[in-house]
Protein chains: 2
Amino acid sequence: MSLPDHRVVFTPSGRRGVVPAGTTVLEAARRLGVDLDSVCGGRGICGRCQVTRGSAPGFGNETDALSAPGPTEIDYRGRRPLAPGHRLGCAITVEGDVVIDVPVESQIHRQVVRKRPELASFPIDPLIRLHYVAVQPPSLADARSDVERVISALEADWDLADIEFDVTALATVHDCLVAGEWAVTAAVHDAKRVLAVWPGFHDTLLGLAFDVGSTTIAGHLLDLATGDVLASAGRMNPQIRFGEDLMSRVSHVMMEPEGAAAMTEVVRNALDELAGELVAEAGVARGDILDVAVVGNPIMHHLLLGLDPTPLGGAPFAPVVGSSLDLAASAVDLELNPAAGLYVLPLVAGHVGADTMGAVLSEGPHRRDAMQLLVDVGTNAEIVLGNRHRLWAASSPTGPAFEGAQISSGQRATPGAIERVRIDPVTLEPRIRVIGSEIWSDQDGFDASVAGHGITGICGSGIIEAVAELFLAGVIASDGTIRSGPDRIVAEGRTHSFLLWEDPRLLVTQGDVRAIQLAKAALYAGARLLMDQAGIDSVDEIRLAGAFGSHIDPKYAMTLGLIPDCDLSRVSAAGNAAGSGAIIALLSAASRHEVEEVARNIEKVETATEPRFQEHFVNAMAIPHARDPYPQLSTAVKLPDRAPPVRRVRRRSREESR
Amino acid sequence: MSLPDHRVVFTPSGRRGVVPAGTTVLEAARRLGVDLDSVCGGRGICGRCQVTRGSAPGFGNETDALSAPGPTEIDYRGRRPLAPGHRLGCAITVEGDVVIDVPVESQIHRQVVRKRPELASFPIDPLIRLHYVAVQPPSLADARSDVERVISALEADWDLADIEFDVTALATVHDCLVAGEWAVTAAVHDAKRVLAVWPGFHDTLLGLAFDVGSTTIAGHLLDLATGDVLASAGRMNPQIRFGEDLMSRVSHVMMEPEGAAAMTEVVRNALDELAGELVAEAGVARGDILDVAVVGNPIMHHLLLGLDPTPLGGAPFAPVVGSSLDLAASAVDLELNPAAGLYVLPLVAGHVGADTMGAVLSEGPHRRDAMQLLVDVGTNAEIVLGNRHRLWAASSPTGPAFEGAQISSGQRATPGAIERVRIDPVTLEPRIRVIGSEIWSDQDGFDASVAGHGITGICGSGIIEAVAELFLAGVIASDGTIRSGPDRIVAEGRTHSFLLWEDPRLLVTQGDVRAIQLAKAALYAGARLLMDQAGIDSVDEIRLAGAFGSHIDPKYAMTLGLIPDCDLSRVSAAGNAAGSGAIIALLSAASRHEVEEVARNIEKVETATEPRFQEHFVNAMAIPHARDPYPQLSTAVKLPDRAPPVRRVRRRSREESR
């Protein structure tokens with residue numbers, strides 16, 4: 001006697017089919033190719049396959065279309081709560097025509113909804129999955145190896161084929177089988193390779209995402225199944241003791257025979273210590289971490305990998321390796337699960353790094369129609385321009401002025417640094433705000449609010465605002481000269497400085513203005529060079545990535561002419577886009593293919609050899625238009641959408657194009 | 001104007017075709033799929049592509065059918081000798097119809113001719129090949145990564161695709177490119193993965209083959225391109241300090257929490273030290289070693305890999321892993337090239353190890369029609385029976401008597417041990433020979449020849465001969481009893497011993513005879529069990545592998561009934577067949593597939609659960625026939641070729657079958 005068939009529809013996928021009465025919902029989902037999670041393989045342990053009743057046209061809502069709660073479900077409820085309406089997909093059977101909804105938490109490829117609305121959400125595409133299996137204990141009649149019996153159980157229960165065992169998993173498999181009474185949970189990489197084994201049922205699978213910056217290293221600990229960030233931490237890059245900026249670290253390598261090895265060691269230690277902090281904060285085990293994704297600029301990338309960064313210090317800037325890398329986390333001395341992998345995002349070129357590719361992956365210009373300019377300012381500005389059709393990338397030699405270096409009162413963006421500046425256009429009286437305080441200097445409580453750290457200097461965004469405000473106040477001329485004037489303008493030899501603060505005495509000098517002019521001209525010229533390639537004179541959107549991009553006010557960036565024409569409402573900070581890219585790469589195998597494809601196809605533009613770069617640079621030294629915060633918008637000349645042939649050199653000057 | 005075409009025939013392959021005049025011989029070979037070696041890619045550096053003129057019907061022998069020596073060939077001759085008639089295939093062009101012979105030294109898949117005639121030769125099938133490439137130095141116009149430029153040169157010059165770089169090769173590639181002035185030699189694994197890079201031209205590629213025995217560890221250093229053994233060395237297994245035999249080492253692991261780790265460490269150190277000895281002896285660099293193949297019994301296999309051997313110490317003897325393994329040599333702490341791989345041959349079962357599979361690969365019963373019995377005697381006897389149609393394997397619990405243990409005057413086979421014994425059947429006067437001397441004890445010069453080490457005991461082959469000779473002399477009865485008799489027979493309580501030597505006093509006791517009887521009955525019963533499976537009563541060929549097999553005289557083995565019926569002329573020693581198997585696996589990728597296939601298909605027979613084993617064992621305790629050295633030959637009853645159904649238990653006793 002054959003059982004009657006019933007129609008089943010799964011939402012939201014819309015997949016539908018017919019299954020015999022008595023089929024479990026989990027089994028029906030598998031047969032119909034529905035994305036329904038399970039770690040325990042239908043044993044009522046993991047609770048990952050929870051479903052609810054859905055609705056669809058032509059379907060009734062008979063309560064008995066799904067079986068009543070049986071012992072497995074009742075037992076599960078005794079251990080963990082089950083939300084109202086939620087059923088265990090593996091424990092209930094189809095007994096009538098039914099619509100079954102798979103909530104997002106039960107999908108393997110669930111969306112990760114990113115907290116800030118401007119960031120695209122992305123689906124998890126797990127590279128590693130946990131599978132629980134029960135295996136036959138060995139007997140004289142069946143004395144196969146432990147590995148063989150785990151593999152055959154995985155292949156039988158989980159519809160896998162040609163499973164291999166990672167050598168690091170060999171050492172523990174026997175003890176796990178014994179401790180788990182011949183039941184284990186295996187972490188399987190790419191449906192092919194057993195990375196690790198735990199006794200019995202194990203439901204934790206973690207990963208780390210690192211953004212290795214020259215100044216700071218940020219790390220995030222994530223649940224690879226849910227995409228939840230369990231902990232985040234950052235620390236100074238300990239390589240700073242070898243040199244504040246990247247180039248001084250490369251110099252150190254060139255001078256000291258053991259310099260590169262020492263820097264490799266300290267950055268690897270820093271990552272491992274950060275891993276330790278993260279697991280301590282989240283209260284998890286290092287051994288549950290099975291994957292790591294890393295971004296970093298080319299020099300950090302090379303130093304972390306133990307590669308000589310010297311060639312990155314000068315033309316032609318050829319890296320040792322640019323493609324993405326898959327290696328063992330142990331290769332960079334991370335003490336995680338011994339089978340943990342390490343994915344390093346690709347570089348674009350020797351001066352456009354994996355951090356830029358992380359930002360591209362996160363911001364996604366290649367997924368959109370809008371022509372986006374993505375700028376990440378550090379010692380160099382890394383600039384990407386394009387949309388779904390084409391992407392260009394360049395690195396502009398801005399120097400470290402935007403980071404507060406080479407500025408007379410400059411400093412890094414740490415508490416006590418002036419980050420906001422307003423100058424009264426009539427009295428020239430300045431108002432400031434410093435990092436670590438939310439209070440302006442002309443407001444009550446300012447002195448108390450800065451007492452902890454004092455006022456120590458001017459950071460990158462502070463000097464930008466100071467120069468822009470001085471320009472808007474008429475103190476600085478369009479060519480960058482500080483004019484002579486009343487009390488606050490101090491003559492120093494043949495030039496003048498502006499006294500921004502009296503105690504401590506902090507000046508904006510003519511040299512400071514020149515440094516900012518050089519940096520902003522380089523940044524602008526790099527962006528223009530890419531726009532020439534694209535044949536455009538304005539962009540649809542500008543995203544300012546990294547710490548500098550987060551702190552700078554777009555209005556001042558445009559006032560000074562750091563960035564090209566764009567609707568100001570579409571100029572915004574991207575936050576730590578590089579780090580977000582590392583997180584995406586950690587959670588999604590598809591995103592790794594995506595970023596590798598983008599890196600292969602992105603067009604590198606070499607600022608050092610393009611004569612137009614020098615031209616744009618010279619033209620961009622001036623500050624565009626006095627007393628008009630949005631000069632570009634009012635005077636921009638719209639050019640035809642289509643570019644001239646790429647190789648035709650556009651000789652029109654920046655002034656002409658306005 | 002197109003060039004005329006010429007007919008080319010390559011011998012010995014017989015490949016033929018037509019190429020335009022001016023084609024180099026190397027290029028012609030490539031186009032016609034002829035196996036002609038080259039490391040330098042046709043630059044006249046490596047000399048691997050040497051050819052001579054051959055002959056074939058219908059071809060003349062015009063001297064100008066190949067171009068005259070040009071500058072490349074003349075330059076090569078200035079650096080290295082070129083044998084008479086030898087030409088550089090890459091430097092000469094086809095200028096007429098011609099027959100070209102590729103000598104064996106110029107073939108990539110050359111045969112390795114094994115020194116002993118009874119061993120099959122085998123073709124090298126290199127897993128790793130060296131390729132020389134010149135790459136473009138980077139420039140601002142071409143700032144691709146070092147890795148990218150090496151890969152594209154390899155793909156362009158060597159007809160390779162989708163090449164990847166092993167992470168361990170990254171660290172050195174830049175320095176190699178600079179040191180080699182943008183020319184490097186790359187070691188490419190399986191035409192896919194760059195393992196290592198050397199500056200400029202590099203022509204050395206080495207491998208190690210290890211046989212990790214319980215008592216001794218043997219290592220061989222080989223040239224992976226030619227198959228030449230450059231050095232061989234052996235040393236005691238330092239684990240002996242944890243226990244003389246395998247079972248006492250397993251006991252040590254069970255008693256001491258850190259026992260397994262300590263034994264793993266000492267065996268790994270021993271391998272690395274052996275590697276050091278071998279490279280020192282051959283005067284080569286550890287960094288040129290890129291591959292390692294290992295055989296060993298299951299317990300050595302597990303201890304080397306850091307796996308708990310405890311389950312191998314008792315039924316059901318399930319190993320942790322049985323399949324072949326590919327890992328990094330660094331995973332077992334071998335300090336070779338950091339990219340060096342380690343191939344571990346598969347096990348058949350928890351008591352039939354990778355050493356047995358090495359012996360099978362070397363002896364090749366699965367390649368032949370003859371029904372071969374392959375016996376490797378150690379603490380257990382590992383026994384393989386079969387031919388190209390089917391193979392069976394079992395392990396017989398012989399105990400260590402054959403190794404000289406559990407024998408009153410027994411010792412390991414080291415200088416001073418009695419290894420040969422003759423007993424005058426009339427006077428009962430013994431003659432002996434000891435290891436380290438070629439002189440019998442009744443010959444002149446014996447005393448002087450043993451002065452260095454003395455006479456210290458009786459080794460395994462010595463006790464076999466002693467018992468067999470005593471049996472042939474009538475001192476020992478068919479049931480193993482030592483009869484009472486003249487002077488040399490000493491009463492000891494209720495039993496008798498035979499005084500084999502007076503100074504030092506070495507006796508063959510009744511207990512010794514019993515130990516040998518138990519061991520030989522176990523060995524015989526195991527072989528019979530497999531013969532039952534195969535449905536045969538005699539075998540075509542018996543190969544005795546290992547040290548014991550090399551030292552034992554087949555005549556005495558058959559006299560005592562260690563081995564089943566076989567034409568005595570076809571009973572022979574196989575030498576270190578396990579080690580030979582490691583060498584074959586090292587040199588030939590095809591042989592790895594072969595041994596893995598054989599291991600998967602071999603039928604394991606469990607002596608512990610087969611009731612027939614006990615039956616055979618009891619029946620085999622007696623010594624077959626007095627005073628007839630070849631009883632089996634004269635009385636063997638030929639049984640039908642075809643076996644009864646496998647599961648039918650054969651109840652016929654051993655006596656009946658004769």
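## A buried pair and its surroundings

Modeller: Let's start with A:E419, which counts as buried because its relative accessibility is 10% and the cut-off is under 20%. Keep in mind that this is a predicted model. A:R433 is buried as well, at 17% relative accessibility. The two side chains meet in a salt bridge, with N and O 3.9 Å apart. That gets in under the cut-off, since a salt bridge asks for a side-chain nitrogen within 4 Å of a carboxyl oxygen. A:R433 sits in strand β22 (residues 430–434) of chain A and A:E419 in strand β21 (residues 417–423) of chain A, so the bridge ties together parts that lie 14 residues apart in sequence.

Chain B has its own version. There, B:R433 and B:E419 form a salt bridge at 3.9 Å, N to O. B:R433 belongs to strand β22 (residues 430–434) of chain B and B:E419 to strand β21 (residues 417–423) of chain B, so this pair also connects parts 14 residues apart in sequence. Both B:R433 and B:E419 are buried. Elsewhere, salt bridges with shared partners link A:D37, A:R48, A:R110, A:R129 and A:D203 into one network.

Where do these pairs fit in the overall count? Over all chains, the structure holds 68 salt bridges. One of them joins A:R193 and A:D166, whose closest N and O atoms are 2.5 Å apart. This pair links distant parts of the chain, 27 residues apart: A:R193 is in strand β11 (residues 193–199) of chain A, while A:D166 is in the loop between β9 (164–165) and α4 (167–179) of chain A.

Now for how the chains sit together. Superposing chain B on chain A takes a rotation of 180° with 0.0 Å of shift along the axis, and the RMSD is 0.2 Å. That is the relation of a two-fold axis. The interface fits with this: 100% of the interface residues of chain B are also interface residues in chain A, so the copies meet through the same surface.

Counting residues, 30 from chain B are in contact with 31 from chain A. About 2,300 Å² is buried between chain B and chain A, and 76% of that is on carbon and sulfur atoms. B:L140, B:P316 and B:V320 supply 26% of the area that chain B buries against chain A, more than any other three residues. The elements giving two or more residues to the side of chain B that touches chain A are α3 (146–158), α4 (167–179) and β16 (325–328) of chain B. Of these, α4(B) makes the largest share, with 6 residues. For charges, the interface of chain B and chain A has 0 salt bridges. Polar contacts do turn up between chain B and chain A, with 6 residue pairs counted (both at pLDDT 80 or more).

What about the cysteines? A search of the whole structure comes back with 0 disulfides over all chains. Take B:C49: its sulfur is 3.8 Å from the closest cysteine sulfur, in B:C90, which is too far for a bond, because the cut-off is 2.5 Å. B:C49 is buried, at 1% relative accessibility. For B:C176, the closest cysteine sulfur is in B:C40, 18 Å away, so that is too far for a bond too. B:C176 is also buried, with a relative accessible area of 8%.

One last stop is a histidine. B:H220 sits in strand β13 (residues 216–223) of chain B, and at 18% relative accessibility it counts as buried. Its side chain makes a polar contact of 2.7 Å with the side chain of B:S232. Leaving aside neighbours within four places in sequence, B:H220 is in contact with B:G207, B:L208, B:A209, B:V229, B:A231, B:S232, B:L278 and B:I583.

Conventions
Residues numbered from 1 in each chain as written. Chains lettered and ligands numbered in written order. Predicted model: local features only at pLDDT ≥ 70, side-chain atom pairs only at ≥ 80, totals over all residues. Heavy atoms only, no water. Least-squares fit on C-alpha atoms with pLDDT ≥ 70 in both. Contact = heavy atoms within 4.5 Å. Buried < 20%, exposed > 50% of the residue type's maximum accessible area, 1.4 Å probe, protein only. Buried area = accessible area lost by both parts, 1.4 Å probe. Polar contact = N/O pair within 3.5 Å; in protein donor to acceptor, adjacent residues only side chain to side chain. Helix = DSSP H or I, 4+ residues; strand = E, 2+ residues; numbered from the N terminus.
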